[in-house]
Amino acid sequence: MPTCSSETTWCTWTANCTTSSSCTSTATIVWDQWCETETCTATSTATNTVWRTWSTTGTIASTVYRSNRMPAPKPLTAEEQATLEAERLQRLEEYRVAQEKADAEKKAADDRAERLLRSTLTLRQRLAYRRNRAFVVQARDGTRFRLKKGWAGNVEELDPRGRPVNRFCIHPRELVPEADNLVAQKLLLETDPAAFRRIANRTAIPQPATVAA
Amino acid sequence: MCVLDQTGDTKTIFDPDNPDEVEAARETFKKLTKKGYLAYKVKKDGEKGEALDEFDPKAGKIILTPPLRGG
């Protein structure tokens with residue numbers, strides 16, 4: 001009578017013979033027992049077994065499965081379900097209130113920054129900003145730049161004909177409202193354009209090809 | 001004196017004739033410029049700003065911006 005130890009692919013394989021075999025295994029095996037025509041008794045209590053017992057005419061005594069995976073969850077009572085639902089709704093409400101507060105704070109910050117920006121602009125710049133959300137600044141070295149409302153890549157260097165030739169990406173290290181970003185960029189251009197060029201990342205803007213006459 | 005930050009800006013209002021208030025503003029100015037903040041003196045109606053290396057209580061409007069970096 002074969003006795004199986006652990007990690008055995010086939011515990012017992014008999015064909016056309018009278019045998020009684022039993023296999024008791026407590027390990028990870030593919031087949032506990034494979035009998036063709038005989039009476040098989042297979043009792044196995046293994047953890048990860050694909051086939052416990054495979055017999056064609058035999059009588060299977062018992063096969064016990066015991067899995068080491070997560071047990072099936074217990075069904076919730078009506079009271080438990082109601083409690084969970086109430087907690088879920090409360091979390092949703094707390095999130096909604098927090099989100100409203102954050103939105104209000106952001107709007108207040110944006111409005112404040114817009115007021116500061118407008119106070120630093122000339123009348124012409126203010127009108128342009130109101131119309132196009134952009135205005136032109138003349139840097140200390142005479143170069144003109146267009147500043148568009150935004151956070152990144154919002155500064156264009158203009159050639160003498162007013163065409164954009166370079167795009168610059170530069171902004172404060174701390175997150176501030178976009179209007180504050182424009183204030184910082186404008187002031188740096190007006191006072192130290194060399195530092196502006198040194199700090200900013202530049203992208204050349206392709207110019208349209210000129211057709212020879 | 002306006003310091004740009006997440007709230008838009010934080011204002012420090014001081015009386016140029018009040019030594020205590022001036023000193024408190026000066027300390028704030030020094031602390032921030034030491035951290036890399038850029039200080040400017042701005043005039044009304046969008047006249048070009050001027051860089052400020054030292055705190056000037058008579059400067060009128062002072063704006064401090066966080067240090068900038070390439071994006």
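This report describes chain B, its interface with chain A, and part of chain A in a predicted model.

## Basis

The model is predicted, so local features need pLDDT of at least 70 and side-chain atom pairs count only at pLDDT 80 or more, while totals for chains, interfaces and linings use all residues. Residues are numbered from 1 along each chain as its sequence is written, chains are lettered from A and ligands numbered from 1 in the order in which they are written, and side-chain values use heavy atoms, with hydrogens and water left out.

## Chain B

Chain B has 1 helix and 6 strands, in the order β-β-α-β-β-β-β from the N terminus. Here helices (H or I, at least four residues) and strands (E, at least two) are DSSP runs, numbered from the N terminus.

Chain B holds 71 residues, of which 41% are buried (under 20% relative accessible area, with a 1.4 Å probe and protein chains only). Its exposed surface comes to about 4,100 Å², with 48% from carbon and sulfur atoms; accessible areas come from the Shrake-Rupley method with a 1.4 Å probe. Of the contacts (heavy atoms within 4.5 Å) between residues at least 6 apart in sequence in chain B, 52% link residues at least 24 apart.

## Interface of chains A and B

At the interface, 27 residues of chain B are in contact with 30 residues of chain A. The two chains bury about 2,500 Å² between them, and carbon and sulfur atoms give 59% of this. In chain B, the residues that lose the most area to chain A are B:Lys48, B:Leu68 and B:Arg69, together 25% of what that side buries. Buried area is the accessible area (1.4 Å probe) that two parts lose on being put together, summed over both.

Strand S9 of chain A covers residues 144-148, and its side chains alternate.

S9(A) is joined by 5 bridges to antiparallel strand S8 (residues 134-138), where A:Val136 stands opposite A:Arg146. It is also joined by 4 bridges to antiparallel strand S10 (residues 155-158), where A:Val155 stands opposite A:Leu147. Strands pair if DSSP finds at least two bridges between them.

The hairpin of S8(A) and S9(A) has 5 residues between the strands, and A:Gly142 there takes a positive phi near 95 degrees. In the hairpin of S9(A) and S10(A), with 6 residues between the strands, A:Gly153 takes a positive phi near 60 degrees.

Conventions: Buried < 20%, exposed > 50% of the residue type's maximum accessible area, 1.4 Å probe, protein only.
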